[in-house]
Amino acid sequence: MSQRVRIKSFLPRPRFKVYTKLSKQEFIDLIKQQLEENNNEFGGYANQEIAMIRLRKDKEKYWHPQLQIRIEEDEDQEKFLVVRGIIGPKPTIWTFFAFLYGLSGAILLTLGSYALSEYIVKGESMWIWAVPFSILLALGTYLASFYGRHLAKFQLGRLYHFVNSCYRKAKFYESQDN
């Protein structure tokens, strides 16, 4: 029976949560071993709380995904280790897209309400063009992120394969009942 991690969502930042009976150090050593075995494709690090796995720089796109694994001891049952993972773009890209969405919202709220009030008072407003501009900015940001995810689909699959090859060597559970 082949074990696979079920990732909850492929949009926009897929995540998973599993449990294992390995110790923290055994799990970290397993991740380091997988990184060494696949060092021509993956790079990254693992410490006592977090592991970060990225594809090598020569395979990088602007929506370059990375796998962040958080390793925690379960407070309720000491024999389990909670492993949470999230696959997403680099934090700089994630922040840039969040900034663009925030900018479009701020333009819509400030200049849009000013244009609306000026239109109500005067009957015309040149600031009314801020409303379609902010909508186009938000739509352009969404389309750019969608295109970036499309470009990085193969890399996302490679990171998913890394997760499954890592967990194939360790026994893991989707819930603590096992």
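Author: Let's start with axes: these are lines fitted to C-alpha atoms, for helices over the stretch in contact, and angles run from 0 to 180 degrees between N-to-C directions. Helices (H or I, at least four residues) and strands (E, at least two) are DSSP runs, numbered from the N terminus. This is a predicted model, where local features need pLDDT of at least 70 and side-chain atom pairs count only at pLDDT 80 or more, while totals for chains, interfaces and linings use all residues. Residues are numbered from 1 along each chain as its sequence is written, and side-chain values use heavy atoms, with hydrogens and water left out.

Reader: Thanks! At what angle do helix α2 and helix α3 pack?

Author: Angles under 35 degrees count as roughly parallel, over 145 as roughly antiparallel, 65 to 115 as roughly perpendicular and the rest as oblique. Here α2 (residues 91-122) and α3 (residues 130-151) pack at about 165 degrees, with axes 8 Å apart. That makes α2 roughly antiparallel to α3.

Reader: Is the crossing of α2 and α3 left-handed or right-handed?

Author: A crossing is left-handed if the near helix is turned anticlockwise from the far one by less than a right angle, and right-handed if clockwise. For α2 and α3 the crossing is left-handed.

Reader: Which residues make the contact?

Author: Contact means heavy atoms within 4.5 Å. Among them are Phe97, Leu100 and Tyr101 of α2, and Phe133, Leu137 and Tyr142 of α3. By class, this contact of α2 with α3 has 14 nonpolar, 5 polar and no charged residues (Ala, Val, Leu, Ile, Met, Phe, Trp, Tyr, Cys and Pro count as nonpolar, Asp, Glu, Lys and Arg as charged, and the others, Gly among them, as polar).

Reader: And at what angle do α1 and α4 pack?

Author: Helix α1 (residues 24-37) packs with helix α4 (residues 153-168) at about 125 degrees, their axes 10 Å apart. That makes α1 oblique to α4. The crossing of α1 past α4 is right-handed. Phe27, Leu30, Ile31, Gln34 and Leu35 in α1 meet Phe162, Ser165, Cys166 and Tyr167 in α4.

Reader: How many aromatic pairs does a search of the whole structure find?

Author: A pair of aromatic rings is described by the distance of the centres and the angle of the planes. Rings of Phe, Tyr and Trp (its six-membered ring) pair if their centres lie within 6.5 Å; planes under 30 degrees apart count as stacked, over 60 as edge-to-face and the rest as tilted. The search finds 5 pairs. One of them, Tyr19 with Phe80, is edge-to-face, at 6.2 Å centre to centre and 75 degrees between the planes.
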